[in-house]
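Hello,

Here is the structure we talked about handing over.

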Amino acid sequence: MTWIMIGGLGILVAIIMNSCAESKKVAAKSGVQLWAENCQRCHNTPSPNSFSHDQWITLGMHMQTRAQLTNEERDKIISFLTQ
Amino acid sequence: MFDPNEDPEKPKFGFMRIKHLPTRCLILGFALLSIVQGGRAQQTTAADSALLERVTTLEQQVADQKPGESHLMIVGLTTFGFANSKTVFTPPGGPPQTAKANSFPDADRYELSPMLLWRHGTKWLVEFEPSFSGGSLGVNWANISYFAAPGLVIHAGYFVLPFGIYAKRLAAGWIDKLAPDPQGIDLPGSDFGIGVSGGLPLGNMKWSYDLSLTNGLQLLSDGEIQGVGIVDNNKNKTITGRLALLPFSNSSLEIGVSGLYGNAADEGSNYSNANSTMYGADLSYVKTLKPFLFNVKGQLSKVLVNRQNYINPVDSTNYTFDNTSTFAFAQISIRPVSADNNIVKNLELAFRYVNNTTPSNSLWGQNYNEEDIGLDYWLSWRTVLKFTYAKSHAVSTQKVSAGGTLGATDMNTIYLQFALQL
């Protein structure tokens, strides 16, 4: 329990010490890069042809609730998958 | 008007009165040309009309197909397979007792769960997943989410509590690398309530939060706890939350800490001051080191109930114990994603270690560990065939005077499982 509390405090300190803004490096990431990095955190990366335009928008919102994606990540990934 | 003095040989029509031949030819030529052009114009107009009509029909069809604000789709999953197990129970000082079993579907992983996702615009999302699993119908989740602002999603209904990483993200059959779930990792499960969650940037890092206020857990008469369900058992609510940090800009590493606290006692029962407390930590690391993709997952959960007096079912006396349980798993999988051979690149080798400790001197106390090894073949990104061998060893620490039994249980199970995302 002690280690868990220390870990939680560490995360809070990291949040407080950094601004809630993304760096230029992160802001410059493309949709395909975010798709490759985030989808594989839990499952295999999906093929863009698997779903239609509307379906990807709906699934993107569902994935945002599951994986706590940022709004920008979700929008860029959906934009790549629906192009 | 009849003119008696008119020359009968004189042409009556104007054209024929023109005596100059070239002029007559010219006028005739113009007349013929006009007739032809007129005919062509009629044909072109007819063709244009047909074309316009066709274009209008197509435009209408396109308009009918244009996405509106609402969208409903069905996804979900199905998992089924076969399990063959051999269980050996060895009582203290007694001979081992062996039992064998096999089943279609396997003991704990048959599931058909179609998930309905209904979206209105980009602000509202309803998620509903009924489930047929283990021979009965149930609901995995049924909730509505409102995407209020960047980094803020408000949800309400029946949802998976934000504790750890496994239940919310890794439990689906087409995601889990091994056939069985890690034993004990199902707490605290799903509950009714409200919550907020979101992911936010943090320089090169990213962090996320997930908080909920729900009905809570229920303490049973033997000290175990379970989800209370739709009818709350007391006036108190339970708070659950997870905080996570992704320290690398490529999101390859995620570290999370979770907590839960709330009263678990039935209103008016002898356990009125019984509080359930859970702590957890989880880790996820996914990294490509060519030609392999390494996927590491782990979770540690601790469940505590403050000390209570329980009723001995044998003689109705009181007994007590330190109601602390620990559940943990760690797994790694390796997949040669860069292999040239199409069969080899779709193979994935996975290994998991599970360790549980439930309270000694309770009716359900044991020390349990399990090792799973599996080989998966990915037919597509969301379709997998799994072969898993699981070996477990459990030593009972139950209170014998309350009706518990002592002994060691060894189980070997072979799973063959097929999982598909619908």
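Predicted model: local features only at pLDDT ≥ 70, side-chain atom pairs only at ≥ 80, totals over all residues.

Next, chain A. Its secondary structure consists of five helices and zero strands, so the order of elements from the N terminus reads α-α-α-α-α. Of the 83 residues in chain A, 35% are buried. Among contacts in chain A with a separation of 6 or more, 64% are between residues 24 or more positions apart.

The axes of helix H3 (residues 31-39) of chain A and helix H5 (residues 71-81) of chain A come within 8 Å, crossing at roughly 110°. Angles of 65 to 115 degrees count as roughly perpendicular, and H3(A) and H5(A) are therefore roughly perpendicular to each other. On the H3(A) side, the residues that meet H5(A) include A:Trp35 and A:Leu34; on the H5(A) side they include A:Phe80 and A:Ile77. By type, the residues of this contact are six nonpolar, three polar and two charged.

Last, how many residues does each chain bring to the contact between chain A and chain B? Chain A brings 39 residues and chain B brings 48. On the side of chain B that touches chain A, strand E7 (residues 190-202) of chain B gives the largest share, six residues. That side of chain B is made up of 23 nonpolar, 16 polar and nine charged residues.

Regards

Key: Residues numbered from 1 in each chain as written. Chains lettered and ligands numbered in written order. Contact = placed C-beta atoms within 7 Å. Helix = DSSP H or I, 4+ residues; strand = E, 2+ residues; numbered from the N terminus. Nonpolar A, V, L, I, M, F, W, Y, C, P; charged D, E, K, R; others polar. Axes fitted to C-alpha atoms, helices over the stretch in contact; angles between N-to-C directions. Parallel < 35°, antiparallel > 145°, perpendicular 65-115°, else oblique. Buried ≥ 20, exposed ≤ 12 C-beta atoms within 10 Å, placed from the backbone.
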